[in-house]
Every structure is written in C-alpha cells, then in structure tokens.
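Thank you for making the time this morning.

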Amino acid sequence: MKFFIDTANLDQIKEAQDLGILDGVTTNPSLMAKEGISGYDNIMKHYKFICDIVDGDVSAEVIATDLEGMIKEGEFLASLHPQIVVKVPVTKEGIKAIKYFSSKGIRTNCTLIFSAGQALLAAKAGATYVSPFIGRLDDISTNGVHLIAEIRMIYDNYGYETQILAASVRHTMHILQCAQIGADVVTSPLSAIMGLLKHPLTDSGLAQFLADHAKGNK
Ligand code: E4P
C-alpha cells in the first residue's frame with residue numbers, strides 16, 4: 001500500500017519524507033488556504049516546492065468547474081512538474097475532463113468521491129486515482145471504510161487499473177482498515193501515520209532492554 005500525506009505543510013511533508021515511507025502528497029484548495037498560500041503564482045510555486053521534497057505523485061486540484069477551464073488549468077498544472085497529478089472533482093464536466101486528460105496521457109485524481117457509482121464512472125473515464133472521502137462519510141453516520149470495500153470489489157470484478165486512494169482519513173484505525181480491504185493508497189495527516197508506531201509494550205520493552213544492558217555494563 002502506498003502512503004501519501006494529506007497536507008500542504010512543507011515541514012510535515014519533509015518529516016514524512018525523512019521517515020523514508022512517503023510515496024506522495026495530496027493537497028486541495030482548503031489545505032493550501034490553511035497554510036496561508038494564496039494567489040495563482042504562489043500556489044503554483046508551492047506545488048513545485050512540494051515536488052522538490054518528495055519523489056512520488058503530488059495531487060494539484062483544478063479550480064474551474066467548466067470543461068474548458070478544467071482542461072486549461074489541468075494542462076498547465078501537468079506541465080509544472082512530471083510528478084503532478086491533476087485533481088478533478090467527480091462532476092459531469094469533471095468526468096469529461098478526466099476522459100480528455102487520459103487520452104492525452106495526463107494523470108488524474110478524481111476527487112470528492114462519496115459513492116461506488118461515482119468511482120465506477122471515474123474508472124471508466126480513465127482516472128489514475130479515485131479519492132473516496134471516508135472521514136466525511138463517517139461524519140454523517142455512513143461507514144466510509146465500507147465504501148472502500150465496495151469500490152475494491154467493483155474494480156477487481158473488471159480489472160480496472162484506477163487506484164483507490166482512500167482520503168479524508170482521520171486516524172490510525174482508518175489506515176489499518178483500508179490496508180485490510182486493499183486500498184492502493186491511503187492519504188492521511190502525519191499524526192495518523194505516526195500513530196501506527198505507537199505501542200506501550202514497545203516503550204516499556206525498550207526501557208527494560210536499556211536498563212538491563214546498563215546493569216550488565218557497569
Ligand atoms: C483528499 O485528497 C482531500 O484532500 C482530503 O483527504 C479531505 O480530507 P478532509 O475531509 O479531512 O478535509
């Protein structure tokens with residue numbers, strides 16, 4: 001399973017990259033705004049900074065909602081850096097844009113997926129990734145992880161190569177559940193990734209080993 005980090009914060013991206021396990025980054029307009037990145041030129045520069053830190057794919061979202069605008073923006077984003085994947089919302093125009101990008105060899109991440117039907121259409125249009133938002137489904141009393149399982153079954157039935165990129169991940173258990181189901185990628189905050197490391201028996205076991213070593217080497 002690939003690990004992406006879901007942030008536009010350069011320090012957090014560097015920390016995850018330094019851990020040696022990072023496969024990519026996802027951003028969205030809200031995450032950019034959270035870091036105080038605004039204005040077209042600054043946003044484009046920020047994508048390049050992110051690409052300089054990581055080796056893998058970096059999702060950059062289009063703002064336009066019409067087909068022509070999405071194509072113009074997406075082609076520019078893709079030309080910024082070979083690691084850029086164009087993030088497109090799952091609307092009627094978005095599906096047409098994904099089909100177009102796919103025919104031109106431009107990689108896409110179809111975002112704001114909340115149903116298996118949306119994921120099926122995105123795969124049919126040739127999306128590289130689909131991003132089902134599991135945390136936001138949990139927020140409205142719908143099991144987000146079940147959606148990942150549903151999409152996995154459909155894609156496996158037909159051999160779709162579109163990768164399931166579990167998004168809106170809120171905690172460590174989401175990552176584990178997605179791994180059990182067979183999500184191709186999980187994008188999460190750094191805190192959820194670091195949570196995978198934690199175990200009190202590791203801490204107490206290490207403390208004991210160090211204490212015993214110190215006793216024997218007095
Ligand atoms: C996906 O790529 C989105 O950036 C993100 O995961 C949304 O997460 P949120 O629901 O925590 O905003």
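**Pockets and ligand**

Sorted by class, the lining of the largest pocket holds seven nonpolar, 11 polar and six charged residues, where Ala, Val, Leu, Ile, Met, Phe, Trp, Tyr, Cys and Pro count as nonpolar, Asp, Glu, Lys and Arg as charged, and the others, Gly among them, as polar. This is a predicted model, in which local features need pLDDT of at least 70 and side-chain atom pairs count only at pLDDT 80 or more, while totals for chains, interfaces and linings use all residues. Residues are numbered from 1 along each chain as its sequence is written, and side-chain values use heavy atoms, with hydrogens and water left out.

By a pocket I mean, on a 1 Å grid over the protein atoms alone, an open set of points where a 1.4 Å probe fits, with protein on both sides within 12 Å along at least five of seven lines, and lining residues have an atom within 4 Å of a point.

The ligand sits in the largest pocket, meaning that more than half of its atoms lie within 2 Å of the grid points. Polar side-chain atoms of D6 and of K87 each lie 2.6 Å from an oxygen atom of the ligand, and for N28 that distance is 2.7 Å.

Technical notes:
A polar contact is a pair of N or O atoms within 3.5 Å; within protein, one must be able to donate a hydrogen and the other to accept it, and residues adjacent in sequence count only if both atoms are side-chain atoms.
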